[in-house]
Every structure is written in structure tokens, then in C-alpha cells.
Amino acid sequence: SDRDKTERPRSPVQCGHAPGNTHGAVLNTGVLWFKSSVDSIALARRWALETLNLHSPHSDDQGAFNNLLADGMYPVKAASPSGRVIGPVRGFGPEGLRLAPLPIDRFCGGHTVWVQQAGEPRRCVSIHATFTEYGDGGKRFRLLESGLWALLPDAYYTEGRFLTFVPPDPGADPMPCQAGEGVHAPGKLTAPCGGEDPAHGLPPKPAGKEIMWQEGLKRSVRLRANVALMARQVHALRDAMGIARVLNRTLILPQFDCLCDRSEYPDIMPSCLYQGAPRRMQIPFKCSTSFVIDTHKLQLMATEPTRFGMQPHKFGGKFTAPLPVRAHRFLADPRTDAAITRSVLDVVVGAGAATAPCSTSSTEQCPALPRQASNVQVLQRLQGAAAREARVLRLSDAVGAFGGWEDRPDESLLFNTMMEYYLYRGNWCCTSRFIDNNADNGRVYIQQPPPLKRPRGG
């Protein structure tokens, strides 16, 4: 729809800036270019003054910008043969203001990069980290996932020993669009498709209607499958973190797959796609770690866990060391030392592990771990010369790989408590935001993994 400038009264949500549109534009002010003219200078002056007089706690510079343009913009008129330039917008100067919303495949937003493009910048000239949860920490981690965060010391890419794992398989799209559905036709709105359970027995859901999370699960096959996938992903993360703690290695997160998008707009149900996304976007899709866990908390756990929940006075003075992590881009980042990227040793987990051939060598056996391996077994199995020397150990599967501690009660206590604070409270969002003024009515919280074995006192 960003490329389609066919004249029409309506466009997809938030995109009401095509010729003929009578409402619906939400212009993002993250990237703006001004050409000097009487009208653009008048707009800039009035915009600056409006930002000094915001009346609502929900007002901001972007809202002020859109409010200024709303009255004189509609109905939208084409000011270029392509329809990309629109105007004149009345009310600023003698010539009439002209606007050209920037193409989203070049001036990219967060959904384009981290949902539609698997975290890859591709043709983007700039990236505005929109559609990102968990505040500044969430934005920072997404930029790390794309190899776009520059403020890191050289040692980040050259020092350390690491552990990673193959993420859980998401399976196929459980309810894809049918043939002919979700195909864009110039000048027309494309209806959502896919995801809906044909046997739910409920009346059609009106556009914009908020529903309880229980109804969302009933309506959407994709949501049910995604919540089950999230549970396996968190289980794998917990077990890989436990093994990383025992081995004193830094965990490199894999790139996860998702079966359901995230959005605070209830029209994400039942298709599981944000309403501005391509209707036939590939499902499953490569997604950000923020689709699985709170990446603000993840970074606190990796740097300063004693800032939240893990203060030493709660544990008789016992200090919780950080559990360092790297984003999935780390092994593909050109800044990462080749001594790390070329030293990956596979560890086979589960049945058949003792006799499995090693993909990194045609003559040697891979190190092997039984499922539910204890801390003692992890140390016994992964402390041989090959495993000690490898800069990266890669688990073939992490779901159920770690069973807990036989000894070291302090390490067990602090790790399990840290998981409660930092990992186990993830959720999918949202079927609603305001039902009974309780955001939790629209969130689906994931099932926690089975508890780990603890020694006495742990």
C-alpha cells in the first residue's frame, strides 16, 4: 500500500496519505527533510511553538505535527504524476505546503526491519526503531541484533568463551491464507487472512473490538501455536543459561522464529499480523528476542542483576554475578574475531548422543549431554580438551538439556531466583489494552518450564 497511489477515499490503517484519502494519516516524525520555502518555514515555526504548549500527558512532538496538518490536508491531492508528492496543504503560506511521505523500504521503521526483514537492514537508508517494546533497552538490543550498535569495546568481539544452541523448530504455519486471499489489488483494501480457527463457534469479530486473551486463544490457531512455541523457547533459554552459568561461558542467543506478530492494536486478532503488514507475510518469520522475553531485563541480567531483585542483602550477602549474553548477530558480525567464529564445537543433546558423528570433524565424536544433565554431568561431559579449547559450544537442542544442581547450593539458589525475576514473566501482547482498565486482560502469559533440581539449601 506504500507504493499504491491509486486515488481512493480510504487506505490501510495509519496510511491515509494517498490521493483521494479523506482521513487516516499518521505521519511519523522520526526522519524529516525540509526544503526551504515560506510554507515549510511557517510549518517548522508553528510546530516548534506547539511543542511548547502540550496540554495532555499523551501529547508529543509527533502528535503536534499531525494536528497541524490535519485540517488542511484532506481530501489528499496529488502534487506529482506518481502521487508520491501530495498537496498543497493549506494554512501555512502563499504557495501551499507539499509533502512527500518517505518510502518505507528505504526509510525503514521497526516493523519493516525486525519483523518483515528478519532483522536485516537490506535497502534501508535509515532505520527508525519503532514497533519496539521495553523502552531504550529494547531499542538498543534490536540494534545489537542487526549489527548496528557501534558503542562497544574491541574486547566484546575478541575475548571470551561462548555457548549457543539450535532454537526450537516452529513448524509450519498452522492456518495459512487460502488461495486468492490477502493479495493486494491496486486501489482496494486487502482483508486480513489466515490464523482463524474455523471451528471456534464465535460471531465475527468487529474491527477494533477488544477481546479477552482467552477469546483470542479460541479464535486464533496461530496464537495458540505461538504461545506453545514461546514456552519451548523459554525452556530452551533457561536450560542454556543454566549450562552457560555452570561452564562460565557467555550465551549467544539464537535467532528465534515466531508464528504470531505483536501489537497493542486488537485487530491483530485472529490473523496474528499487525494490520499494516503485508497480508501474506511469511509465517513463521524470524523474530527479535523481544518477541520471547523482556530484553530490558535481559540486559540487566547480563550486566547488573543486583539492580533488580538480586540485591545481596536478600540472600545473606551472596552476590549474583552477571550472566553475559550476545545477540544472535554476534557470530555473523564482521567485527567478531575469526578465532571465535571458526572455533565452533557441536554438542549433541539427548538420545543417541554418545554415538553421534560430529559435524565439525569427520574423525571425532561430538561431546554429548544426556537430557536433564546436572551441573556435575555438564562439567564431566564438557571439560575435555576439545570442549575446553573450543571458543563456542553449540547445543543441538536446549529444551530439557539442563536438569539442575547436585551441589553448589548458592549457585542454584541465585540462578533459580534470577530466572523468576528476569525470564519467567514473558507474555504475548495483545488482544486488548483497556478492558476493565487492566492490560493483563489482553496478554497471554507463557507456561513456565519444569523446575530444576536443587540441592539442600539451594
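A salt bridge here is a side-chain nitrogen of Lys or Arg within 4 Å of a carboxyl oxygen of Asp or Glu. By that criterion, this predicted model holds 17 salt bridges.

Start with Asp 173 and Arg 222. Their closest N and O atoms lie 2.8 Å apart. Is Asp 173 buried or exposed? Asp 173 has a relative accessible area of 16%, and buried means under 20%, so Asp 173 is buried. Arg 222 is buried too, at 2% relative accessibility.

Next, look at Arg 238 and Asp 239. These two form a salt bridge with a closest N to O distance of 2.6 Å.

Now move to Glu 411 and Arg 408. Their side chains meet in a salt bridge, 3.5 Å from N to O. Glu 411 has a relative accessible area of 18%. The cut-off for buried is under 20%, so Glu 411 falls in the buried class.

One group goes beyond a single pair. Which residues are linked in a network of salt bridges? Arg 3, Asp 105 and Arg 123 are.

Key:
Residues are numbered from 1 along each chain as its sequence is written. This is a predicted model: local features need pLDDT of at least 70, side-chain atom pairs count only at pLDDT 80 or more; totals for chains, interfaces and linings use all residues. Side-chain values use heavy atoms; hydrogens and water are left out. Buried means under 20% relative accessible area, exposed over 50%, partly exposed in between (1.4 Å probe, protein chains only).
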